[in-house]
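I opened my notebook to look up a few places in this chain. Each entry says what I looked for and what I found.

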Amino acid sequence: MVFSSIEFVFYFLPAFLLVYFAVPQTYRNAVLFGASLLFYFYGVKDQPFYMVLIVLSILVNFFVAKRMSHSHWTRNRRRWLKLGLFYNLGWLFVFKYLDFLSENINAVSRLLGGGELLPYMNLVLPIGISFYTFQISSYLIDVFRKQIKAEQSVLTLGTYLVMFPQLIAGPIVLYSSVQKELHKRRHSFSRFENGMREFTIGLGLKVLIANQVGNLWSQVNAIGYESISTPLAWLGLFAYSLQIYFDFYGYSLMAKGLGWMMGFRFPDNFNNPYLSVSMTDFWRRWHMTLGSWFREYVYIPLGGNRRHLARNLFVVWMLTGLWHGASWNFVLWGFLIFVLIFLEKKKLGAVLETYRPLGHLYMLFVIPLSWLLFAVTDLRQIGLYLQRLFPFFSGSTVPIFAQDYIKYGRMYLLSLLAGLLCCTGWPRKCYQRYKYHFLTAVALLAIFWGCVYCMYLGLDDPFLYFRF
């Protein structure tokens, strides 16, 4: 079940809110916990063990944190922390990286003339495991550091980990940021209304922009990279850049809106990233909760900017690449971001900040090129696409329909223009200024029912970040 679906909008969410607000506040965590497990079960019903896995994550981490809190010896606390992290990251490794490791070990073995050394498990990745693993691991680390106290209620900890608005694709919410609200939260009509507004805006970004421009990228893939012209190659890559942004930004806004409805304040996950002038600036604005997680729990403990800058950046971006997927294209993507950010931290960044038009032009090309490594998993296909983007490197004689970009540009012109406009942040500023104007309410209603119509037609594509 996805947020942009008839089932969620007209069945699950209204039924949940009715029960949630009907019970006294004392029991609302229990309602949220139960509804979240039901929501998760809907997505993993064909793999029921994944339900057991997430419940075990709650119980094991609750027990480990309690043991850490009761121990006064740092060495014992560290042992419990290592045990908890080994458990959390171990499951993530098994489901996400074991086959990748086996594939590469077997490939090396075949090159050396041997056979396959390791079997393939072919495990289906549990929905949201990358997100909830990072959340619960941050909880253990913060308890170890004595920045927070261990939660005394397993129900409360379970509610934190599995609450459905951010369970599947974030944002990554630290326990410390919602600790007070888990125990006591305020509800009001204005908060609920703001939540509905944010949810509607996010729904519109997902259904009316991301899904539409995503169709252009899908058609480019269907045509085949060897048969597209250079302008269409660039147009398709710009379309994917818009799709992944509004897909994830839309989800984050819907999650934030649902949180407001229930009395939670979730952190912002995006801040107009396509207005950045450098890759460093971009990653301060894109998926901000993931960036802050790596900064707080990996980059700073390694030494941050103080020592071994290149090593620290390399480790963070290799891990960031692998977090997104167990494939060499993600490793290559992480390495590219590392190189760019390292160069920017030397001298390039200062130049781009000083001459901001140059910075925007630089990012106009760098952002789509980085997303190419993200979108295409086959390295040979990446090479072929690069030949289409830069035809002076290509010796291909495959006939190409030279006017294909005009055909598809006309088909998706309105969606592309809407996406570009929303990238500027101007629509958001107008919304904040005229938030309570009558015409704004009419516009939101039009967006909502336009989304409903598209969902009714079956245009409720899964969120891209579900696969991470």
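**Entry 1: Tyr 240**

I began with Tyr 240, which lies in helix 11, residues 230-262. Helices here are DSSP runs of H or I with at least four residues, numbered from the N terminus. Is Tyr 240 buried or exposed? Tyr 240 counts as buried, because its relative accessibility is 3%. My cut-offs: buried means under 20% relative accessible area, exposed means over 50%, and partly exposed is in between, with a 1.4 Å probe and protein chains only. I then looked up Leu 216, which is 24 residues from Tyr 240 in sequence. From C-alpha to C-alpha, the two are 8.1 Å apart in space.

**Entry 2: ground rules**

I noted that this is a predicted model, where local features need pLDDT of at least 70 and side-chain atom pairs count only at pLDDT 80 or more, while totals for chains, interfaces and linings use all residues. Residues are numbered from 1 along each chain as its sequence is written, and side-chain values use heavy atoms, with hydrogens and water left out.

**Entry 3: salt bridges**

How many salt bridges does the structure hold? It holds nine. A salt bridge is a side-chain nitrogen of Lys or Arg within 4 Å of a carboxyl oxygen of Asp or Glu. I looked up some of them.

The side chains of Glu 296 and Arg 145 meet in one, at 3.0 Å from N to O. Where do the partners sit? Glu 296 is in helix 13 (residues 288-302), and Arg 145 is in the loop between helix 6 (129-144) and helix 7, so the pair ties together parts that are 151 residues apart in sequence. Glu 296 is partly exposed, with a relative accessible area of 31%. Arg 145 counts as partly exposed too, at 30% relative accessibility.

Next came Lys 256 and Asp 268, whose closest N and O atoms are 2.4 Å apart in a salt bridge. This pair links distant parts of the chain, 12 residues apart: Lys 256 is in helix 11, and Asp 268 is in the loop between helix 11 and helix 12 (279-285). Lys 256 is buried, with a relative accessible area of 18%. Asp 268 is partly exposed, at 42%.

I also checked Asp 378 and Arg 380, whose side chains meet in a salt bridge at 3.7 Å, N to O. Asp 378 counts as partly exposed, with 29% relative accessibility. Arg 380 is exposed, with a relative accessible area of 69%.

**Entry 4: surface patches**

Which residues gather in a patch of positive charge on the surface? They are Arg 75, Arg 78, Arg 79 and Lys 82. Patches take residues with over 30% relative accessible area and no salt bridge; like charges are joined within 9 Å, and nonpolar side chains (Val, Leu, Ile, Met, Phe, Trp, Tyr) within 5 Å. Lys and Arg count as positive, and the place of the charge is NZ of Lys or CZ of Arg. Arg 75 is found in helix 4, residues 74-96. Arg 75 counts as exposed because its relative accessibility is 61%.

I found a nonpolar patch as well: Phe 49, Val 52, Val 55, Leu 56, Leu 59, Val 154 and Leu 155, with about 500 Å² of accessible area together. Helix 3 (49-70) and helix 7 (154-162) are the elements that give two or more residues to this patch. Helix 3 gives the most, with five residues. The areas come from the Shrake-Rupley method with a 1.4 Å probe, and only the protein chains shown count as cover for residues. Leu 59 lies in helix 3. Leu 59 is partly exposed, with a relative accessible area of 45%.

**Entry 5: Ser 71**

Ser 71 lies in the loop between helix 3 and helix 4. Ser 71 counts as buried, at 12% relative accessibility. A polar atom of the Ser 71 side chain lies 3.5 Å from the backbone nitrogen of Trp 73.

**Entry 6: positive phi**

Most residues other than glycine have a negative phi. I looked up two residues with a positive phi.

Asn 272 is not a glycine, yet its phi is positive, at about 45 degrees. The place of Asn 272 is in the loop between helix 11 and helix 12. Asn 272 counts as partly exposed, at 22% relative accessibility.

His 308 is not a glycine either, and its positive phi is about 55 degrees. His 308 lies in the loop between helix 13 and helix 14 (309-324). His 308 is partly exposed, with a relative accessible area of 49%.

Note on methods: A polar contact is a pair of N or O atoms within 3.5 Å; within protein, one must be able to donate a hydrogen and the other to accept it, and residues adjacent in sequence count only if both atoms are side-chain atoms.
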